[in-house]
Amino acid sequence: MKQLSAEDIEDLAVGAWILGTGGGGSPYHALLNLRRLYADGARVDLIDIDELDDDDAIAVVSVMGAPLVILERLVDSKLIARAVSAMEEHLGRKFRAVMAIEIGGGNGMQPLLAAAHLGIPVVDADAMGRAYPEAQMTSFAVGDLSPSPLTSIDPRGSEVIIARTPTWKWMERVSRKICTEFGSIAATCKAPRTGAEVRKWGIPRTTTKAIRLGRAVAEANRRHADPIAAVLEAESGMRLFAGKIVEVERRTTEGFLRGRTVIEGLGEDRGGKVEINFQNEWVVVWRDGKPVVSTPELICVLDSESGEAIGTETIRYGQRATVIALPASAVFLSPRGLDHVGPRAFGYDIDFKSVFQS
Amino acid sequence: MKRIGIDVGGTNTDAVLVAEGKVIHSVKAATTADITSGIVASIKALDAAVDLKSGVDALMIGTTHFINAVVQRRHLTRVAAIRVALPATGALPPFTGWPADLAALANGGAWQIEGGHDYDGRRFMPLDVAAARAAARQIRERGLKHAVVTAMFSPLDASDEEAIAAILREEIPGLSVTCSHLLGGIGLLERENAAILNASLIALAEETIGAFQQAKAQIGISAPLFVTQNDGTVAEAARAAAFPVFGFASGPTNSMRGAAYLSGIKEAIVVDVGGTTADFGHLRLGFPREANAVVHVGGVRTLFRMPDLISIGLGGGSHVDLDAMTIGPLSVGYRLTTDALVFGGDRLTATDVAVAGGLLDLGERRRVAHLGADTVNAVLRRAKEMIEDHVDRMKTGAGDVTLIAVGGGAFLVPETLQGVARVVRVEHGACANAVGAAIAQVSGEVDQVFQGTTRGEAIAAARKLADNRAVEAGADADSLVMVEAEDTPIAYLPGNAMRVRVKVVGDIRVT
């Protein structure tokens, strides 16, 4: 176990936002909560998956909903802690530790908020290795682990337990409905996992990965070096395209933010053009009508100058952006993994082809 | 077309006359405590040199007064912040994330009450009117004069903010209330921060713009008064007084637009060294590069659309501390001509050091004869380091850049700097900001929800409204161009609802 420093938390916020691949919601409010908690003396420990016992009970948390809504409802650390306590009450047992369902975006920090209140460590792992828009898009779903139970919390006092659903899809549908009723945002504790399940199906060491990414950007900026090169180097990524945002189109359908953006090349990419489709997160990059990179590989659109991630909600005309790809976790590259999170899972009738093998 | 552009800085008041696309004349006067006499003096000086009697179309004034107040933590009024969002958002109360020194000056207390809306227009919680009245009584007891109301999702439904504002005004006659929905879009904390900064500056803004009007009356100019805004456009005086934050970055914006206009250079770093601050910006295609959404003002996070700037406390009036070998951030400001050593004062300023070093001929040089060459060089080296460091921060690549040095304190910018290929200085450069003000355009903006139309129809309808507003604000209809169009869908409202924001700009109509 290792105690996270105040600096680790700042770096985690930057790295989690990059791993959000355009979605996942900004970690800023979670960071503000954590700064306050740390100022009040709270400290959070990070526990490696190899330190877990097989039958340890692990809470898996996230805030579901539209990032746009979080900008107004903000983040309250007590809500995610309450989601975990409500699950403990339902199960009649205490959790050994808490982990993120998705490391990407604000949800990468939610387990830290719960942990600060509950006094238990955070597991250095998640179930996406990035952010995805739907509950069945996890390594736990690929591993066919139980999708239930789930607790869902609204600050006005409504607490819902979904005791059982037959499939992950059903869990997504039912929990999404509740989330929508709550105002398109809910603090949730997902199906609890055992230590053995986390070791087998969890995506290991993604919290430390996010901290490493954030630190690479911060240090590059301090040295006036290229932060994007630092990100690529830190995580064996690939630079795809750099240019200026010339078009953004968004629409909200079925509770998702869908749309597209067009980037016109600058510098060495002058004369070129790419289009990126999104469903909360970046899904497919197209060039000359052909897919260049798609989920599950990570598509990150970074501010060309600061290296900080640009989200699908906030991207706007005129921004200078660099598109990079980071490798996906191996669990999603299997045929079963691709069923869950490949391009067809997002409605694109194209075969997945790794950009790293072309 | 004949316009007077004026920039009221912390130290100098600059005035230019621009006619038929040319700078006819520029003058510099000291900013005065009452502001009015400085403006009057600058216009009189202008009038003495060129003919102002015939046909001035507009008087356009820009000022760094308001942002200086935040940077220097001066002239700020304490604000009561009322948040209408409980039981959500309680973990992050108003003033969260503020620098402690600024919060200490602006924080008149925070009240959180139940109410607000959700993103789909449904009510979040019933508005707690009793809590609002209780808050109002406490605000009255504390003797606060300015309040801010921020309700959840107020950009989509402003009714709770308006209801609370009405209650506050009823309970506390004369209270000034800033509603957050008038200052920004979605993003509760940033919108609230902007509203609080705005409210804490209103007293200063009313006084300042009142002084502008007085100056105009005194000099006998009947042309309308406009005040320049962050985006390089102008607003009519009354609106500008109610929303000082929209003029926050107008000084640097004007300098950069003026620097581009005067030099004909469209890609460069610009440094505008005034009496109190030095502002660094990046010109691209002749316009300031905009910051990426979140902008920190005096350490506070906001969502203003502003040029990407770094502002540091380095200017001609900056205090110099020889023991610590520091320059600024405090400045004698407009009291340069009384407080600086060369003018017989007792405060050592950057101007004094420049006079001692022979860079400037101002005041009485003998009064700084005691400053040795080593001392002078050490101070100037410190200024050079500060400038090099911030030019470097503004850079987007490793290569050397062109640096346009403008402003009355540009004498602090040396001819050679690390990372700079050449330093460009332009005629009338000391008044670049006033030139930028004089060439400013008028804008019209619309931000509203449309239903039952296609995206294209909604944008076209918004464009038409924006055009009308721009023309009402004094724009020439034929010159209008749409500079921004943004649409955000709002789910769960009937009829494919979308929020559309459109902005158009055009030239001032000459009648």
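Pro296(A) sits in the loop between strand E15 (290-294) and strand E16 (298-303) of chain A. Helices (H or I, at least four residues) and strands (E, at least two) are DSSP runs, numbered from the N terminus. A cis peptide bond links Thr295(A) to Pro296(A), with omega about 5°. Chain B has a cis bond from Gly328(B) to Pro329(B), omega near 0°. Pro329(B) belongs to strand E18 (residues 326-331) of chain B.

This is a predicted model: local features need pLDDT of at least 70, side-chain atom pairs count only at pLDDT 80 or more, and totals for chains, interfaces and linings use all residues. Residues are numbered from 1 along each chain as its sequence is written, chains are lettered from A and ligands numbered from 1 in the order in which they are written, and side-chain values use heavy atoms, with hydrogens and water left out.

The accessibility classes are buried (under 20% relative accessible area), exposed (over 50%) and partly exposed (in between), using a 1.4 Å probe and protein chains only.

| Residue | Phi | Relative accessible area |
|---|---|---|
| His224(A) | near 60° | 47%, partly exposed |
| Met325(B) | near 50° | 25%, partly exposed |

Neither entry is a glycine. His224(A) is in the loop between helix H9 (206-222) and helix H10 (227-234) of chain A. Met325(B) is in the loop between strand E17 (318-321) and E18 of chain B.

Helix H5 (residues 110-118) of chain A is largely enclosed by the rest of the structure, because seven of its nine residues are buried. Gln110(A), Pro111(A) and Leu112(A) are among them. The cover over the buried residues of H5(A) includes helix H1 (6-19), helix H2 (28-39), E3, helix H4 (77-91), strand E4 (97-100) and strand E5 (122-123) of chain A.

E3(A) also lines a cavity. Here a cavity is a set of points, on a 1 Å grid over the protein atoms alone, where a 1.4 Å probe fits but cannot get out; lining residues have an atom within 4 Å of a point. Grid points are joined across faces, edges and corners, and a volume is the space filled by probe spheres set on the points. The structure has four cavities of 30 Å³ or more. E3(A) gives the most, with four.

How do the two chains meet? Contact (heavy atoms within 4.5 Å) involves 35 residues of chain A and 42 residues of chain B. Buried area is the accessible area (1.4 Å probe) that two parts lose on being put together, summed over both. Between chain A and chain B it is about 3,200 Å², with 55% from carbon and sulfur atoms. Glu72(A), Arg156(A) and Arg316(A) supply 21% of what chain A buries against chain B, more than any other three residues.

In chain B, Phe243(B) lies in the loop between helix H7 (237-242) and helix H8 (250-263). Phe243(B) is buried, at 13% relative accessible area. Beyond its neighbours within four places in sequence, Phe243(B) is in contact with Leu182(B), Leu183(B) and Asn198(B).

Note on methods:
1 Å grid on protein atoms, 1.4 Å probe; cavity = no way out; pocket = protein on both sides within 12 Å on 5 of 7 lines; lining within 4 Å.
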